[in-house]
Amino acid sequence: QVQLVESGGGLVQAGGSLRLSCAASGSIFRINAMGWYRQSPGKERELVAVITSVGNTNYADSVKGRFTVSGDNAKRMVYLQMNKLKPDDTAVYYCNVKYTSTRFTADDVWGQGTQVTVSS
């Protein structure tokens with residue numbers, strides 16, 4: 001069984017910064033990709049940023065140049081540095097990890113979500 005624990009959300013003024021962290025634990029043989037998604041009321045969950053095991057990254061257009069995703073496979077951690085935050089960034093942010101289990105099956109797991117609120 002694999003679990004994710006997220007931290008770092010909170011309330012910040014527009015223009016400010018926050019850093020989210022996510023720690024994975026459990027029966028992981030190899031992490032294939034780690035990323036962040038977000039969901040605001042009335043909207044579907046959307047990709048924010050993802051990083052693969054070899055360091056390739058992909059960002060939503062709305063966060064390019066402001067957010068940076070990074071990962072540490074050895075520590076099974078993924079981070080999201082969010083700068084120049086805007087009220088539109090307000091959402092629940094979810095960590096997602098795609099991995100190969102110790103039984104050599106491909107799977108993914110979601111964190112419990114952390115609230116990010118940006119005030120104007």
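**A hairpin and a charged network**

Guide: Let's start at the hairpin of E7 and E8, where four residues lie between the strands and arginine 76 takes a positive phi near 60 degrees. Strands here are DSSP runs of E with at least two residues, numbered from the N terminus. This is a predicted model, in which local features need pLDDT of at least 70 and side-chain atom pairs count only at pLDDT 80 or more, while totals for chains, interfaces and linings use all residues. Residues are numbered from 1 along each chain as its sequence is written, and side-chain values use heavy atoms, leaving out hydrogens and water.

E7 covers residues 67-72 and E8 residues 77-82; the two run antiparallel and are joined by six bridges. Two strands count as paired if DSSP finds at least two bridges between them. Within this pairing, serine 70 stands opposite tyrosine 79 in E8.

Now follow the chain to aspartate 89, in the loop between E8 and E9. Aspartate 89 is buried, with a relative accessible area of 2%. Buried means under 20% relative accessible area, exposed over 50%, and partly exposed in between (1.4 Å probe, protein chains only).

Side chains of opposite charge can pair when their charged atoms come close. A salt bridge is a side-chain nitrogen of Lys or Arg within 4 Å of a carboxyl oxygen of Asp or Glu. Aspartate 89 has such a bridge with arginine 38, with the closest N and O atoms 3.0 Å apart. Arginine 38 sits in strand E4 (residues 28-39), so this pair ties together parts that are 51 residues apart in sequence. Arginine 38 is buried too, at 6% relative accessible area.

Another partner of aspartate 89 is arginine 66, and here the closest N and O atoms are 2.8 Å apart. Arginine 66 lies in the loop between strand E6 (57-59) and E7, so the pair links parts 23 residues apart in sequence. With a relative accessible area of 9%, arginine 66 is buried.

Step back, and Arg38, Glu46, Arg66 and Asp89 are linked in a network of salt bridges. Aspartate 89 also touches other residues, among them Phe67, Lys84, Val116 and Val118, where contact means heavy atoms within 4.5 Å and residues up to four places away in sequence are not counted.

The whole structure has four salt bridges. One of them joins the side chains of aspartate 61 and lysine 64 (3.1 Å, N to O). Aspartate 61 is exposed, with a relative accessible area of 64%, whereas aspartate 89 is buried.
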